[in-house]
Amino acid sequence: GEVLEAREATTRLPPASVAKAITSLFALEKLGPGYRFTTRVLATGPVQGGIVQGDLVLLGGGDPTLQTDQLGDLVARLAKTGLKGATGRFLVWDGALPRLSNITADQPAHVGYDPALSGLSLNFNRVYFEWKKANGDWQVGMDARGERFLPEVRMIGAKVVKRESPLFTYDQAPGREDWTVASAALGKGGSRWLPVRQPAVYVAEVFCTLARAQGITLPQGEVVAARPSGTEIGRIDSDPLTAVLRDMLKFSTNITAECVGLTASGQRDLAASGRVMSDWCTARLGMASSFADHSGLGSGSRITAADMVKALVQSQREGRGLKPILRDVGMKDDKGKAIKDHPVKVLAKSGTLNFVSGLAGHIVPPGGREMVFAIFSGDPARRDAVPVALRESPEGGEGWTKRARRLQVGADRTVERAA
């Protein structure tokens with residue numbers, strides 16, 4: 001608990017994705033390390049001759065990690081039982097979590113790290129957009145690809161338009177999403193993941209496509225508000241929460257943080273959920289920080305380095321710390337390159353927004369004193385001045401981030417010597 005070094009340790013700054021470390025502590029206490037998200041298939045009537053005498057239901061359980069390959073394997077298991085279809089409807093329920101069109105309104109519409117939230121998600125609520133120029137014309141496609149399954153997606157379309165800017169435009173209608181893309185930015189071909197804004201409709205289409213390939217015929221999915229009841233005939237269980245959080249901390253997946261945080265708080269919007277986590281931080285960890293969401297993507301959250309250190313120290317002392325699931329970011333040289341086989345481990349979570357950078361975690365030397373650290377840098381006014389359309393790569397942002405990371409490297413090595 002001894003403070004070895006501090007500079008402006010009580011300055012409140014945006015935590016960026018370092019907020020996911022606090023979300024992890026919050027969720028582990030509220031849900032437990034063994035908690036699993038479950039996606040179910042129900043039948044509202046008996047199955048006779050492979051046909052459900054009633055409706056087939058896809059019931060979301062808030063799993064942010066569900067992938068196309070898992071859905072394809074589920075359909076294959078259903079087909080092996082002899083399932084061929086249903087006399088009634090194909091119903092889809094995503095009400096386990098609130099339906100939110102995005103995490104924050106202050107990001108460009110086309111960035112894949114700011115998708116919709118729902119109780120039923122797939123591929124982190126992203127769709128794969130691919131384009132190629134051939135014979136003077138553009139060929140474009142949308143799919144929900146996994147490693148082993150490649151279902152085409154038709155409810156989301158894209159059109160290449162001859163223009164310099166904007167790079168993307170987006171429009172939607174119930175059950176339909178449409179993008180236009182500036183031809184000047186595409187070159188001869190390429191691909192990228194685009195966010196999905198109506199995830200339940202997206203998952204329903206992919207499920208139907210995968211089912212059809214296995215000989216199961218279903219009508220178009222119908223998203224319903226009330227939770228249907230029925231007999232479970234298939235399911236997908238996520239990994240335990242500890243494993244889900246380990247991947248979230250490693251890959252910094254925003255949708256995972258938000259779905260986990262919303263599940264832990266039980267709230268129906270992100271602002272209320274963030275307040276519940278903030279209150280928990282005050283009561284449980286003695287922090288005076290405030291959170292607008294659980295991923296750190298929005299600009300409204302504030303934390304101090306002193307509070308971040310306090311949370312890490314206290315949770316570790318109580319035997320519920322994050323050391324086992326934090327990524328070893330390694331000790332780095334003056335250019336920011338990891339030093340191979342360095343004896344000191346740096347188990348940490350990083351975070352980056354435009355003109356905001358953070359790093360916090362544990363410094364574990366081979367012997368002697370273990371340390372906890374938090375480093376936050378930020379220029380919130382400069383970040384807020386960037387037009388939303390330019391926030392994917394603002395002018396000056398890359399250089400600012402590099403300087404912030406060099407500062408983090410230097411600070412870590414200073415504290416290492418203090419051991």
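**Pockets, salt bridges and nonpolar cores of a predicted model**

The second largest pocket is lined by 29 residues, and Tyr 113, Gly 351, Thr 352, Leu 353 and Asn 354 are the ones nearest its centre. The structure described here is a predicted model. Salt bridges number 25, and the largest nonpolar core contains 46 residues.

**Second largest pocket**

- Strand E16 (345–353), helix H4 (241–251) and helix H9 each provide at least two residues of the lining of the second largest pocket.
- The greatest contribution to this lining is that of E16, which gives six residues.
- Sorted by class, the lining of the second largest pocket consists of 14 polar, eight nonpolar and seven charged residues.

**Largest pocket**

- At least two lining residues of the largest pocket come from each of helix H7 (305–317), strand E18 (371–378) and helix H9 (397–418).
- The lining of the largest pocket comprises 19 nonpolar, eight charged and seven polar residues.

**Salt bridges**

- Arg 369 and Glu 2 form a salt bridge in which the closest N and O atoms are 3.4 Å apart.
- This pair links distant parts of the chain, 367 residues apart: Arg 369 belongs to the loop between strand E17 (356–364) and E18, and Glu 2 to the segment before helix H1 (19–31).
- The relative accessible area of Arg 369 is 37%, so this residue is classed as partly exposed.
- Glu 2 has a relative accessible area of 61% and is therefore classed as exposed.
- A salt bridge also joins Arg 7 to Glu 8, with 3.7 Å between the closest N and O atoms; both Arg 7 and Glu 8 are exposed.
- In the salt bridge between Asp 94 and Arg 99, the closest N and O atoms are 2.8 Å apart.
- Asp 94 is classed as buried because its relative accessible area is 2%, which falls under the 20% limit.
- A network of salt bridges links Glu 29, Arg 284, Glu 318 and Arg 320.

**Nonpolar cores**

- Within the largest nonpolar core, of 46 residues, Leu 71, Tyr 202 and Phe 207 have the most contacts.
- Helix H3 (residues 199–213) supplies the largest share of this core, namely nine residues.
- Leaving aside residues up to four places away in sequence, Phe 207 touches Val 41, Leu 56, Leu 58, Leu 71, Leu 74, Val 75, Leu 78, Phe 90 and Leu 218.
- Another core, of 37 residues, lies apart from the largest one and includes Ala 19, Ile 22, Leu 249 and Leu 312.

**Lys 402**

- Lys 402 is located in helix H9.
- With a relative accessible area of 47%, Lys 402 is classed as partly exposed.
- Lys 402 and Lys 335 are separated by 67 residues in sequence and by 9.5 Å in space, C-alpha to C-alpha.

Methods. Residues are numbered from 1 along each chain as its sequence is written. This is a predicted model: local features need pLDDT of at least 70, side-chain atom pairs count only at pLDDT 80 or more; totals for chains, interfaces and linings use all residues. Side-chain values use heavy atoms; hydrogens and water are left out. Helices (H or I, at least four residues) and strands (E, at least two) are DSSP runs, numbered from the N terminus. Ala, Val, Leu, Ile, Met, Phe, Trp, Tyr, Cys and Pro count as nonpolar, Asp, Glu, Lys and Arg as charged, and the others, Gly among them, as polar. On a 1 Å grid over the protein atoms alone, a cavity is a set of points where a 1.4 Å probe fits but cannot get out, and a pocket is an open set with protein on both sides within 12 Å along at least five of seven lines; lining residues have an atom within 4 Å of a point. A salt bridge is a side-chain nitrogen of Lys or Arg within 4 Å of a carboxyl oxygen of Asp or Glu. Buried means under 20% relative accessible area, exposed over 50%, partly exposed in between (1.4 Å probe, protein chains only). A nonpolar core is a set of buried Ala, Val, Leu, Ile, Met, Phe, Trp, Tyr and Cys residues joined through side-chain atoms within 4.5 Å. Contact means heavy atoms within 4.5 Å.
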